[in-house]
Amino acid sequence: MVLLILITNRLRAVCKIEALTIATHTRGLAVAERYGVSLYDAMIIAAALIAGCKILFSEDIQDGLRINRQLQIRNPFGSGGGFA
């Protein structure tokens, strides 16, 4: 349990945490409808958009997909290693 807390604290120190709020949910619904991604993926995308992320690494969402001219989806296991 101590190791889990340590890892969580280190992750929170470098990553912005976005809660699933009504605004996030509403934006996620719009993302799901517009881009045809699953509702779960849309909530992750919405949180990334709200947090101001430029790149979202995912092996489940279409590699190279660009969301709202702001967020680029990259597959870290793809041919470009996600950094192409």
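In what order do the elements of the protein chain run from the N terminus on, and how do α2 and α3 pack?

Modeller: The model is predicted, so local features need pLDDT of at least 70 and side-chain atom pairs pLDDT 80 or more, while totals for chains, interfaces and linings use all residues. Numbering starts from 1 along each chain as its sequence is written, and side-chain values use heavy atoms, without hydrogens or water.

From the N terminus on, the order is α-α-α-β-β-β. That comes to three helices and three strands (DSSP runs, H or I of at least four residues for helices and E of at least two for strands, numbered from the N terminus). The C-alpha trace of the protein chain spans about 40 × 35 × 20 Å along its principal axes.

Now the pair itself. Helix α2 covers residues 22-35 and helix α3 covers residues 39-51. Their axes lie 8 Å apart, and the two helices pack at an angle of about 120° (between N-to-C directions, from 0 to 180 degrees, with axes fitted to C-alpha atoms over the stretch in contact).

On the α2 side, the contact (heavy atoms within 4.5 Å) involves A23, T24, H25, R27, G28, L29, V31 and A32. These meet L39, A42, M43, I45, A46, A47, L49 and I50 of α3. By class, the residues of this contact divide into 12 nonpolar, three polar and one charged (nonpolar being Ala, Val, Leu, Ile, Met, Phe, Trp, Tyr, Cys and Pro, charged Asp, Glu, Lys and Arg, and polar the others, Gly among them).
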